[in-house]
Structures are given as C-alpha cells and as structure tokens.
Amino acid sequence: MAATVTESGGMKVITEVIPQTDPRAAQLDSTAPQPSSSQVKGFRKAQPKALGAIQIVSGFTQISFGIALMVTEFPAPALTVASGVYFWIGFLLVSSGSVLVETERRESIWLVKVCYIISGLVILATLAAMIIHSVEMGQDIPWCSILEGNKMTLLNCSQSVYILSHGINSVFILLCLLELCTAIAALVFGHKAMKQQDYTRMVL
C-alpha cells in the first residue's frame with residue numbers, strides 16, 4: 001500500500017493505492033455505485049412516470065377517436081382519417097409512454113436511451129400530425145360533397161357541421177402540443193443523462 005501527497009492551490013491531495021488483496025478493496029467494490037445509477041437518477045428528475053401516463057392516455061384517446069371517426073366518415077373519410085394519423089401517432093405514444101413508466105421501475109441506462117430515441121420520433125410525429133390537422137381545417141368536408149359524373153357537387157351542410165369538424169381538429173392540435181411538450185422534456189433530460197459522467201473509485 002502506498003500513499004502520495006501532492007499540493008495544488010494551497011490544498012493537499014492524498015492518493016492511496018489499495019491492493020486487490022486488501023480487505024478494504026472488497027468493501028469499496030460493494031459500496032461503489034453502478035455506472036449508470038447517477039445517469040438514471042438524473043433522468044428521473046423529469047418525472048418519467050407522469051410523462052408516460054400523459055402519453056399513454058393521449059395515445060388511447062387518439063386511437064379511440066380514430067376508430068370512431070373512421071366508422072362515421074366511411075366511405076368518404078377526411079384527410080386525418082385517410083392518413084391514419086390517429087392510429088400511428090396513438091400507438092407511438094402508447095409505446096413511448098410505456099417505456100417512460102418502465103424507467104421509473106427499472107434502473108437501466110438502456111431504457112433511457114430507448115426513451116431518448118422514441119421521444120425524437122414522437123416529436124416528429126406530433127409535428128406531422130399538427131400539419132395534417134391544420135391542412136384538413138382548410139379543406140372542404142368530404143361528406144358535404146357528392147360526385148356526379150366527373151364533377152364534385154357541394155351539398156348544403158349546416159354551419160354546425162363545419163364548427164364540429166374544425167373544433168375536433170383544433171382539440172387534437174392542442175393535444176399534439178401537449179404530447180410535443182412531454183416528448184421534448186423526455187428528450188432533453190435523456191440527452192443530459194447520457195452526457196452525464198459517472199465518477200467511481202478505482203481499485204488496483
């Protein structure tokens with residue numbers, strides 16, 4: 001066992017090398033933190049369980065409305081139903097939320113990395129969904145027109161139909177904003193966790 005003393009900035013730094021056969025080495029091994037523990041704890045500051053719950057509820061809401069609108073708008077679906085946006089963003093949110101909740105239960109840096117990747121996909125998906133909903137709000141309602149020969153003839157739909165259609169799209173745009181915020185929070189904290197360095201004792 002050897003110890004060295006160095007002085008730096010008016011402070012003394014004592015470095016002690018402990019052989020592997022020393023009983024204190026085994027004690028240090030048992031008390032040393034896991035390499036990924038501090039990274040996972042840093043990620044948990046984002047409250048992944050709460051973020052995951054929000055995404056799961058939002059995902060099932062998207063899927064439920066997608067099924068209902070697909071049935072009601074058949075055989076002339078609007079852009080959002082025809083694109084399947086309710087389903088692919090819904091399943092993506094449920095998957096992302098499930099992984100976020102799992103990071104609260106299991107201490108694994110790999111789960112944090114998966115959350116980081118999926119959160120990036122959720123951000124892209126929500127932005128695409130917001131664009132699709134916005135485009136649909138500027139289009140004519142498909143079931144308010146009829147095809148006669150090669151020409152589309154507009155029907156006299158009541159104003160309440162347009163209000164309902166625009167209202168649904170507006171609600172889902174706001175829901176996408178909420179989903180976007182949760183994904184950004186998970187992405188930022190995931191990035192910080194992966195960049196965080198762990199400092200552990202070295203035993204020779």
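The following legends describe close-up views of a predicted model of one protein chain.

**Figure 1. Overall arrangement of secondary structure in the predicted chain.** The protein chain contains 7 helices and 4 strands. Along the sequence, these elements follow the order β-β-α-α-α-α-α-α-β-β-α. Of its 204 residues, 34% count as buried. The accessible surface amounts to about 12600 Å², and carbon and sulfur atoms account for 66% of that area. Among contacts between residues at least 6 apart in sequence, 74% join residues at least 24 apart.

**Figure 2. The aromatic cluster of F65, Y86 and F172.** The structure holds 2 aromatic pairs. In one of them, the ring centres of F65 and F172 are 5.1 Å apart; the ring planes meet at 80°, above the 60 degrees required, so the pair is classed as edge-to-face.

**Figure 3. Helix α5 and its buried residues.** Helix α5 has 21 residues and spans 31 Å from its first C-alpha to its last, close to the 30 Å expected at 1.5 Å a residue. The buried residues of α5 are V85, Y86, I89, G90, L93, V94, S96, G97, V99, L100 and T103. One of these, I89, is in contact with Q62, A125, T126, A129, C176 and E179 when neighbours within four places in sequence are left aside.

**Figure 4. The largest nonpolar core.** In soluble globular proteins, nonpolar side chains tend to be buried together. The largest nonpolar core of this model has 31 residues, of which F43, Y86, I89, L100 and V112 touch the most other members. Two or more residues of this core are contributed by each of α2 (37–43), α3, α5, α6 and α7. Helix α6 provides the largest share, with 11 residues.

Figure 5. With a relative accessibility of 0%, S119 counts as buried. Not counting residues up to four places away in sequence, S119 touches A183, A186 and L187.

**Figure 6. Lysine charges placed over aromatic rings.** The charged end of K113 sits over the ring of W110, at 4.3 Å from the ring centre. In a second example, the charged end of K192 sits over the ring of F189, where the distance to the ring centre is 5.6 Å.

Terms used:
Residues numbered from 1 in each chain as written. Predicted model: local features only at pLDDT ≥ 70, side-chain atom pairs only at ≥ 80, totals over all residues. Heavy atoms only, no water. Phe/Tyr/Trp six-rings, centres within 6.5 Å; stacked < 30°, edge-to-face > 60°. Lys NZ or Arg CZ within 6 Å of the ring centre and 35° of its normal. Buried < 20%, exposed > 50% of the residue type's maximum accessible area, 1.4 Å probe, protein only. Contact = heavy atoms within 4.5 Å. Expected span 1.5 Å × (residues − 1). Areas by Shrake-Rupley, 256 points an atom, 1.4 Å probe, with all protein chains shown as cover. Core = buried A, V, L, I, M, F, W, Y, C linked by side-chain atoms within 4.5 Å.
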